[in-house]
Amino acid sequence: MTASPTLERFVRMSRAELETLQLERLRRQVARVHASSAFYRAKLDAGGLQPADIRSLADFARIPTSNKADFLRDQAVHPPYGTRLSVPRESVALVNMTGGTSGQGQELYGRTQHDIALQGFLHYLPWYQAGLRPGHTAFNFVPSGGLTTGGWGPPEGFRIAGAAAVNAPATLGTDAKIDLMLRFGRVDFIYTATNYLHTLTEALRRRGRVPREAFPSMQGLFVAGEGYPRAWAESIRRAWGAPLHEGYGSTQGAGFIASTCERGVVRDDGRAPCMHFFEWENYVEVIDPQTGRAVAEGEEGEIVLTNLSVLGSPVIRFATGDKARFLAAGGCGCGRAWNCIEAGTVARYDDMMKIRGNNVWPAAVDAVMFSRAEVAEYAGRLFVDAAGRTEVEVRFAVKPGTAAGEALQALVTTLTDEIRARTNVAMALRVVDQKELPVFEYKARRWTDERKAGYAEANRR
């Protein structure tokens, strides 16, 4: 199953043994932050708890959750780290900051030397499961540097792996990155954002290059950061002739929190593709955000995260705002007793769009658009028309030589009907040249909401 001595211990563990280890580490972490962090002392007080009261995982779930807004308020009153910092300030060896993509602000995390090593390991670990080995040439297309864990951790993870890492700079355009890959010739592994793998694949096709023929030594493709429809994953595996893997991670998790095992995303056995939690480093709950109760197998809920060994700025029952479908241990069939979430389906609760009274997730439209091999890319727009009505426009481009004339019109009709069936919202689809669509170099932001500006304009009229 694995040749890694580090992993072997946890792969062999039964579920009961793993939960015993989790409880031991949770109790140790809670006792430590209660003694060192005013923020978490207040949280335990709010739950009427002392560290000695945590005798079970159910007891731990009585600690109130925290969220991004809580952290930002704490930082504002006690800059720069807030009272969450659980070590002396002089022990901080690295500063991480969240990306701020939620629009709420950026949390600061002080990392100790121990935490820095852990971040590297939590990037290397999922790549090892995906087939990365010493001596491989690995391309990193996630922008490096900056303050986020995702910008700093990957180069360290590749160093630990013993791979020859090519950390392609964000200043290089896609064609220049392809030129660099072709210059190396042998490329064994790619790490990138989900959407950028799509961008890279389409750019190769426009050059007339078949990815699996251009890079026949590819051992694994590893994506993170965004969900995707299963049909897209299958098309990527066919195009590259290599397994597709996915990881779920965050700055709060100090790296990857979960990833696929060696079986990858595309399953031929009918099982749901799953990402296993690295449960000895992060304790993960999937809860109903309305009731706070753990969801059942197959249900969706919010990921709540607790670091088990982070020292500097740990998170304890952090409500991430990420929505995932929970899959219990054993469902993968690989033998690991680690709980999972379904691959390809993680989304942000704040990504949901309210359209004409309907809750619409971008992933639902993705699933329709990218289920058709003819579609190269798309972008959606919400706006208010002259009569004050909410309208939805979806512009999309097709791949060269795949559809024209009546066949293209039939595709538009099919996609329009399927989107309405899935979302209960009528959307106007329009075919455009791909040059009219945005190019996503990292994570995709396919939707723009212009309704506020439209309402303001209507009021002026």
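**Close-up 1. The crossing of helices H6 and H7 in this predicted model is right-handed.** H6 covers residues 113-129 and H7 covers residues 149-161. The two helices pack at an angle of about 70°. Their axes lie 7 Å apart. Angles of 65 to 115 degrees count as roughly perpendicular, and H6 and H7 are therefore roughly perpendicular to each other.

**Close-up 2. Residues in the contact between H6 and H7.** H6 contributes Ile116, Gln119, Gly120, Phe121, His123, Tyr124 and Trp127. From H7 come Thr149, Gly150, Trp152, Gly153, Pro154, Glu156, Gly157, Phe158, Ile160 and Ala161. By class, the residues of this contact divide into nine nonpolar, seven polar and one charged.

**Close-up 3. An open sheet of four strands.** The strand order is E19-E18-E17-E20. Pairing in the sheet is mixed. Strand E19 (428-431) and strand E20 (447-449) are the edge strands, and each pairs on one side only. Neighbouring strands are turned by 20° against each other on average, direction ignored.

**Close-up 4. The pairing of strands E17 and E18.** E17 spans residues 375-384, and E18 spans residues 390-398. The two strands pair in the antiparallel sense. Nine bridges link them. Phe383 has Glu391, in E18, as its bridge partner.

**Close-up 5. Helix H12 packs on the sheet.** H12 is made of residues 362-369. The helix touches E17, E18, E19 and E20. The direction of H12 makes about 140° with that of E17.

Definitions and conventions
Residues numbered from 1 in each chain as written. Predicted model: local features only at pLDDT ≥ 70, side-chain atom pairs only at ≥ 80, totals over all residues. Heavy atoms only, no water. Pairing = 2+ DSSP bridges. Axes fitted to C-alpha atoms, helices over the stretch in contact; angles between N-to-C directions. Contact = heavy atoms within 4.5 Å. Parallel < 35°, antiparallel > 145°, perpendicular 65-115°, else oblique. Left-handed = near helix turned anticlockwise from the far one by under 90°. Nonpolar A, V, L, I, M, F, W, Y, C, P; charged D, E, K, R; others polar.
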